[in-house]
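Student: I would like a close look at a single part of this protein. Please keep to what the model itself shows.

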Amino acid sequence: MKKILYIILLLIFFALLLRGCLKRDLGYDEPPKLSGARALDVVEYNFPPAETKTIDGVDYLVARGEVGKFGGDFVTSTIGEGPKTFNPFNTNDATSSTMASLMYDGLLSTDAYTGDVTLRMAKRLEILPDNLTYILELRHGLRWSDGREITADDVVFTYKDIIFAGFGDTSTRDALYVEGKLPTVEKVDKYTVKFKTPVPFAPFLRNLSLSIAPKHIFKPAVDKGKDYFRSFYSTTTKPENFVVSGAFKLKEYIPAQRVIFERNPNYYVIDKEGNKLPYLDRWVMLIVGDLNNDIIKFEAGETDTTTIPGSMVSRYRELEKNSDYVLYNLGPTTNTSFIVFNMNTRKNKKGEFYLDPKKQVWFNDENFRRAVDWAIDRDSLVLNVLSGVGQPLYTAESITSIFLNEEVAKGHGQDIEYAKSLLEKSGFKLKDGILYDKYGNRVEFELSTNAGHTQREATGVSIKEDLSKLGIKVNFKPVEFNTLVNRLTQTLDYEAAIMALTSNPLEPHAGNNVWRSDGTLHMFNQRSDEDMKSTDRLLPYEIELNKIYDEAKVQIDVQKRKELYNKYQEIVAEHNPLIYLYSPVNIVAIRKKFKNVYPTSLGGTVHNIEEIYIEE
């Protein structure tokens, strides 16, 4: 136990050290007063650890903010077409995941102020000296929104019959394999469960934050099989059928318009006076289509918070002086923006290649990908797309990661002549400003991103221009987000795309499903379900990445883990399966009427939504 605590403290030390190094001028002549979240110093709030208070046999979690007032709505927004599902085990997009986090809690969580693993639905955690066994005791008296008691049976069912059995998004299960085995889970008594890992497993505690499902609701769906489960708790499910444990439950969903959540009266968090939270009556999420509409809605007073594009930061800073909102600078986001090429050389069930064979050759040519990498003007992207509010990104880890490889992160500038020399090595020829491969085929491909995301659309236009300097013709075509995700992970009928993934700055193992060859987000060489058991056609560095991730997750020595994750970043930077672009700075605005707002880089603006209230 002491060894685990030492590791956690060491991780936090590295995090604070890195955050201190990251404080820098973000384009302001004088940084605005940003209410405690100006940089990445998330510990300055100095909140004590959350406490448990037992009232009438119920072990409540006590909120750390001030006592507030009940009532009112919090209105936010999302771009795109809205959620794909309300099932917390089927989510693979940010909007659906946000919905799930409002409705379902886990045993543990990450403290948004310190980065520590903290108790949530569990009131006690014990790690035995073998570093394999984890004992968790649930809070007594917790109830689902339908009044049924939450017990160890729900926890065991969730992990054993849903997650370990591969229901829903299997990347959750895949991240838990250690030396080819899954952890075990068993019921000790009505409120206590025991997990055991085959060997010491460094990221395991973070995985105990997964949503817990009500067994009496989800078991009938599991009994009907995985195909049925994929549509269970879908966007067509009636709101009254949802049974949840989180602060809010679904009240209304109107496709392409809005999602409305109402407070869960059975939530287990109370304020310091014993009042049951949340304070707010409703959480409303408007589906706005694109970033421009998002800003318009905020400026019209229809939403209460928004992320400010870099191009508007100066304007919003000036307007803030006489406005009803306050700005917060949360530092570099944990999003990693990149270009991915479809490198899949397999055939589908019809015996057809997923991709034009000649483009398979280009995209699998390291000189080709490296040339694209060197041709991209990241400084220009930061200046023109982010309006200077960000920085170039060259590595698979986010700028805020405590495992960031500093050498890889230094990157390189644009060098068109060097990029041309790389193409020449692979037989590409430039004639009259047009690039041809060694067989005489003109080099031309389609580049996609999600429509409505104006930053990525502007990025696509800029990259098209950069690659034209190499004679490459890029056909840039934004498409609807859910369609794009389906192409990248299911049908595999895409050529190249601009995307972003959210990383965990405290735990690189969260990228397991991206970098392991059997990961569900291993986009550049995604395999179909039929191909998953085979290791043929794996590239040498894919095999090396598999080994690194397998070794790192069982290595509890922090420095040795750091060395392994440094190596994986070096491999990605050398072979360019994903070509990284930039890291925006997260600037958000929220109405001044909302109190108990304590934004952090780890938790965002409303990580403590249950204790936020309105003071008119």
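Which strands form the open sheet, and in what order?

Tutor: This is a predicted model, in which local features need pLDDT of at least 70 and side-chain atom pairs count only at pLDDT 80 or more, while totals for chains, interfaces and linings use all residues. Residues are numbered from 1 along each chain as its sequence is written, and side-chain values use heavy atoms, with hydrogens and water left out. The mean pLDDT (the predictor's confidence in each residue, from 0 to 100) is 89, and 91% of residues reach 70 or more. Over residues 1–43 the pLDDT is below 50, yet this stretch has 83 contacts (heavy atoms within 4.5 Å) beyond near neighbours in sequence.

The open sheet consists of five strands in the order β21-β20-β22-β16-β23, with mixed pairing. Strands here are DSSP runs of E, at least two residues, numbered from the N terminus, and two of them pair if DSSP finds at least two bridges between them. β21 (473–479) and β23 (578–580) each have a single partner strand, so one side of each edge strand is left without a neighbour in the sheet. From one strand to the next, the twist averages 30°, taken between axes that are lines fitted to C-alpha atoms, with angles from 0 to 180 degrees between N-to-C directions.

One of the bridge pairs links Glu446 to Asn475 in β21.

How values were computed: Helix = DSSP H or I, 4+ residues; strand = E, 2+ residues; numbered from the N terminus.
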